[in-house]
Amino acid sequence: GLKFYIDSANEATEWHLLRRCPIHWFVRDQMIALREQVYRDLMKPAEAAAELQKRALAEWEAQGLQ
């Protein structure tokens, strides 16, 4: 229950910070924008997915992360 989560901060013996992709927030924002285009029937889902991939790769390269 809730007590476990409250007590865990003081009782934890290991902490792990997960690494996040360097362009995580960029991809998230682009996904939200493209999803809106799909909701409005301005793009098909497959088109939006392809566009997201294209934008993500361009941003990855723009940041020099090859």
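Me: Ala9 to begin with: how exposed is Ala9?
Reply: Ala9 is partly exposed, with a relative accessible area of 49%. Buried means under 20% relative accessible area, exposed means over 50%, and partly exposed lies in between, with a 1.4 Å probe and protein chains only. Ala9 lies in helix α1; helices are DSSP runs of H or I with at least four residues, numbered from the N terminus.

Me: What kind of model is this, and how is it numbered?
Reply: It is a predicted model, with residues numbered from 1 along each chain as its sequence is written. Local features need pLDDT of at least 70 and side-chain atom pairs count only at pLDDT 80 or more, while totals for chains, interfaces and linings use all residues; side-chain values use heavy atoms, with hydrogens and water left out.

Me: Now Gln30. Where is it, and is Gln30 buried or exposed?
Reply: Gln30 is found in helix α2, which covers residues 24-39. Its relative accessibility is 18%, so Gln30 counts as buried.

Me: Which side chain does the Gln30 side chain make a polar contact with?
Reply: That of Arg55, at 2.6 Å. A polar contact is a pair of N or O atoms within 3.5 Å; within protein, one must be able to donate a hydrogen and the other to accept it, and residues adjacent in sequence count only if both atoms are side-chain atoms. Leaving aside neighbours within four places in sequence, Gln30 is in contact (heavy atoms within 4.5 Å) with Leu52 and Arg55.

Me: How do α2 and α3 pack?
Reply: Helix α3 spans residues 45-62, and it packs against α2 at an angle of about 155°, with the axes 10 Å apart. That makes the two helices roughly antiparallel. Axes are lines fitted to C-alpha atoms, for helices over the stretch in contact, and angles run from 0 to 180 degrees between N-to-C directions. Angles over 145 degrees count as roughly antiparallel, under 35 as roughly parallel, 65 to 115 as roughly perpendicular and the rest as oblique.

Me: Which residues meet there?
Reply: From α2, Phe26, Val27, Gln30, Met31, Leu34 and Val38 meet Pro45, Ala48, Glu51, Leu52, Arg55, Ala56 and Glu59 of α3. By class, this contact has 9 nonpolar, 1 polar and 3 charged residues. Ala, Val, Leu, Ile, Met, Phe, Trp, Tyr, Cys and Pro count as nonpolar, Asp, Glu, Lys and Arg as charged, and the others, Gly among them, as polar.

Me: What does Ala48 touch?
Reply: Not counting residues up to four places away in sequence, Ala48 touches Leu34, Val38 and Met43. Ala48 is in helix α3 and is buried, with a relative accessible area of 9%. Ala48 and Gln37 are 11 residues apart in sequence and 7.9 Å apart in space, C-alpha to C-alpha.

Me: Next, Asp41. What is its phi?
Reply: Phi of Asp41 is near 60°, a positive value in a residue other than glycine. Most residues other than glycine have a negative phi. Asp41 is in the loop between α2 and α3 and counts as exposed, at 69% relative accessibility.

Me: And where is Leu17?
Reply: Leu17 is in the loop between α1 and α2, and it is exposed, with a relative accessible area of 84%.
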